[in-house]
Amino acid sequence: MNQPTPNPTPPDSGLLAFLRSTPPFDQLPEAVLVKLNDRSTRVKLAAGQTLFNSGEIGDSMYLVIRGRLLGSEQTEDGIRTAAMEFGAGKLVGVMQMLIGGRRPATVRAAADTELVRLEKSSFEQLARETPQLVLALGDLVRRRLREEQLARVLYSVFGELNEASLQRIGSELDWVELRPGKRLFEQGDPGDCMYFVVSGRLIGVRENGADRHVIAELGRGESIGEMGFFTGEPRSLGIYARRTSYLVRFLKPVFDRLSEVHPRAMLYITQLLIRRLQRAAGYTRELFERSNIVVVPISPGVQATEFTERLVEALQLHGNALYVSSARLDEFIGVPGFAQTPPDSPLDLALDAGLDDRESGYRYSVYECDLGDTAWTRRCIERADRVVLLGDATADPAVSPMERDLLGAQPDLSAARRTLVLLHPESTELPAGTRDWLAPRMLEGHHHLRRGRRADFARLARFLTGNAVGVVLGGGGARGFAHLGVIRALRETGIPIDLIGGTSMGALIAAQPAMGWDDATMRTANRSSFVDRKPVILRDYTMPVYSLVDSRRLDQNLIASYGDTRIEDFWMRYFCVSSNLTRAESMVHRQGPVWKAIRASIALPSVFHPVVEGTDLLVDGGVLNNLPGDVMRELGGGWVIAVDVSPARDLEVRAALPSPWKVLLNWMNPFAKPIDLPNIVILMMRTTLLASVQKTEVVKKLVDLYIQPPVSRFGLMQFRALDAIAEAGYRHAKPILEDWIRQRPELQSQTPQQTGTGR
């Protein structure tokens with residue numbers, strides 16, 4: 001490799017005149033320019049010679065006097081980005097001078113080139129003597145960084161562009177800066193322009209009167225408003241900044257003219273439109289292509305550094321991850337206290353620009369806040385797309401003054417998503433007291449992690465990257481035992497279960513892996529309840545005022561199985577669905593006593609007593625939503641697997657129904673051949689499922705994998721066939737899951753075979 005050789009002879013006085021006419025030096029006092037002149041050395045490069053390579057430590061910056069340099073870097077997938085050109089008057093390597101670090105690009109001479117070199121030690125001395133120099137360079141870096149980020153965006157839209165093309169396109173665009181919470185446009189505004197996000201994070205909000213819901217998140221490189229731009233329709237969403245964001249605006253005449261010269265642009269926009277339509281229809285999972293994750297320790301003594309290191313390690317499976325803390329940043333820069341730079345310091349702009357630059361090379365940036373209200377903590381929170389509140393599960397769950405002051409108890413709609421993570425000792429069997437942590441906080445969700453459990457950190461990483469696997473189990477009486485076989489197949493194929501939920505029998509089965517039960521424990525518990533003794537559904541008949549069956553024994557059995565365990569105390573996220581007769585809507589249970597939620601989900605109308613919740617009556621979830629894949633999609637299951645045990649065609653009869661008296665006599669005769677006909681309980685079960693079975697076709701489009709084990713040969717009440725039904729589910733699901741996981745490399749690298757724990 002040909003490296004440049006600096007000439008120890010100081011540059012002549014012509015450099016002083018050059019500095020006086022070159023931004024940003026033209027804004028500096030004469031005394032500062034003289035010092036720059038005295039402490040610089042001259043460097044000459046022949047055409048083709050390398051100035052420095054990507055990855056080298058940045059120990060100096062250069063000013064091009066004459067000639068031309070060419071810089072290039074690569075994206076994560078190895079594709080070269082648009083070339084960066086540096087002509088006379090351009091600074092090279094200034095970012096590393098301001099905040100340290102390695103060179104992001106390789107720079108070579110495109111022609112014979114002459115430069116001036118300023119070493120880092122000389123720059124640091126000048127910075128201490130003249131803060132104006134740092135301020136001027138920081139502003140230059142911020143503007144240049146925006147230009148480089150824009151170049152990446154334009155490259156993705158128009159293809160590879162040279163410097164002239166970049167400048168020509170850039171000159172026709174309007175820059176827009178949005179501070180956190182500020183609106184770009186309202187729902188219903190005219191769709192007369194299109195935007196591209198250069199940096200930052202925005203949200204799309206659907207407004208219906210007083211109701212406002214976040215529908216989408218938009219990050220660097222994504223477009224905004226393309227639907228109205230091409231159709232002329234009003235804006236379908238309101239767009240707000242989640243954090244400080246920079247965008248460029250395309251007017252339609254400008255884009256039409258550019259797309260004629262660069263036809264790839266229309267292909268890019270067409271692909272965007274297809275992805276947006278699929279996302280709007282719920283057919284695609286939510287992805288977080290680039291995200292800033294901020295870890296905020298909220299308990300004294302919580303081991304935030306150890307946690308963040310483990311989290312970053314887990315995130316690396318989904319894309320390269322940057323880890324920044326105040327201590328790591330100070331060590332990286334070599335300046336103690338640099339991370340605590342206050343907002344009114346000349347270095348503030350340089351620090352922010354440097355962090356922007358470092359983020360640009362990573363898919364995920366993880367910031368660890370200090371334990372307390374510091375300048376660094378506030379800077380991290382301002383940069384957050386996702387906030388992870390890190391608490392010690394054994395500590396006081398109350399909201400501290402620091403947490404309240406920095407985050408507020410009621411976050412604004414545009415604020416970063418908040419997730420609570422509670423760290424437990426590794427020996428913890430089952431969490432407790434979670435509701436005391438959740439009650440005073442507005443959260444997207446929560447997670448329980450055991451120190452030293454790699455699988456727990458891998459699960460959190462999947463949630464933060466949109467790769468969590470959600471499993472939905474449908475209702476169907478005894479046929480629901482097929483879920484036991486499917487869960488076994490999931491574990492054997494190494495597909496993690498991060499979130500699980502279901503309806504009716506599916507709700508009962510789903511709670512078992514959520515509690516950490518292994519396959520053997522699940523099989524034993526269900527055999528004890530449904531095989532070893534006659535199911536409660538077939539006895540305890542009562543006066544049919546509210547139901548056919550007295551439900552007290554059913555309540556006692558559920559309480560015996562789950563005790564006072566609450567849903568929010570599960571290791572795994574869990575939900576179940578019931579139907580609210582009072583409000584005529586589905587009800588999703590995510591907190592509260594497990595036994596009561598399951599009891600509501602399996603409360604077959606007219607067979608079991610309804611469950612009273614406040615002033616509402618709750619019955620079997622299968623009345624409205626027997627396979628809640630839509631609920632799973634809304635709750636954040638990145639990949640959704642639905643298991644349906646209710647066939648569309650069922651309860652066939654070969655002849656006319658005999659009279660009830662004939663059936664009664666048949667029952668009373670021990671030697672008579674049983675009449676194979678559905679009884680009133682089976683008829684009620686099937687009637688309950690009719691509306692939900694029709695909804696299944698919609699659910700199929702919302703999930704990533706739909707599995708329907710062949711269990712129609714088993715009766716809805718054939719509980720004693722547990723082993724055969726479970727085996728049918730296993731044999732059907734195993735090859736399907738093996739094929740599915742082979743096509744999902746991002747899941748193949750996860751922790752294999754989650755075997756669970758005993759009861």
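User: Which residues is Gly228 in contact with, leaving aside its neighbours within four places in sequence?

Analyst: Gly228 is in contact with Gly191 and Glu233 once those neighbours are set aside, contact meaning heavy atoms within 4.5 Å. This is a predicted model, in which local features need pLDDT of at least 70, side-chain atom pairs count only at pLDDT 80 or more, and totals for chains, interfaces and linings use all residues. Residues are numbered from 1 along each chain as its sequence is written, and side-chain values use heavy atoms, with hydrogens and water left out.

User: What makes Gly228 buried or exposed?

Analyst: Its relative accessible area is 7%, and buried means under 20%, exposed over 50% and partly exposed in between, with a 1.4 Å probe and protein chains only. Gly228 is therefore buried. This glycine lies in helix H7, residues 226–231 (helices are DSSP runs of H or I with at least four residues, strands runs of E with at least two, numbered from the N terminus). Gly228 and Asp189 are 39 residues apart in sequence, and 9.5 Å separates their C-alpha atoms.

User: Why are H20 and H21 called oblique to each other?

Analyst: The axes of H20 (residues 552–562) and H21 (residues 594–601) cross at roughly 140 degrees and come within 9 Å. Angles under 35 degrees count as roughly parallel, over 145 as roughly antiparallel, 65 to 115 as roughly perpendicular and the rest as oblique, so this pair is oblique. On the H20 side, the contact is made by Leu554, Asp555, Leu558, Ile559 and Tyr562, and on the H21 side by Val594, Trp595, Ile598 and Arg599. Seven of these residues are nonpolar, none polar and two charged.

User: How do you know that Asp373 and Arg378 form a salt bridge?

Analyst: Their closest N and O atoms are 2.8 Å apart, and the rule asks for a side-chain nitrogen of Lys or Arg within 4 Å of a carboxyl oxygen of Asp or Glu. Asp373 is partly exposed at 39% relative accessibility, and Arg378 is partly exposed at 40%. Arg212 and Glu207 also form a salt bridge, at 3.9 Å. By this rule the count comes to 46 salt bridges.

User: What makes the pair Arg583 and Asp616 a tie between parts that are apart in sequence?

Analyst: This salt bridge has its closest N and O atoms 2.5 Å apart. Arg583 lies in the loop between strands S24 (573–580) and S25 (585–589), while Asp616 is in strand S27 (residues 616–620), so the pair ties together parts 33 residues apart in sequence. Asp616 counts as buried, at 7% relative accessibility.

Note on methods: Axes are lines fitted to C-alpha atoms, for helices over the stretch in contact, and angles run from 0 to 180 degrees between N-to-C directions. Ala, Val, Leu, Ile, Met, Phe, Trp, Tyr, Cys and Pro count as nonpolar, Asp, Glu, Lys and Arg as charged, and the others, Gly among them, as polar.
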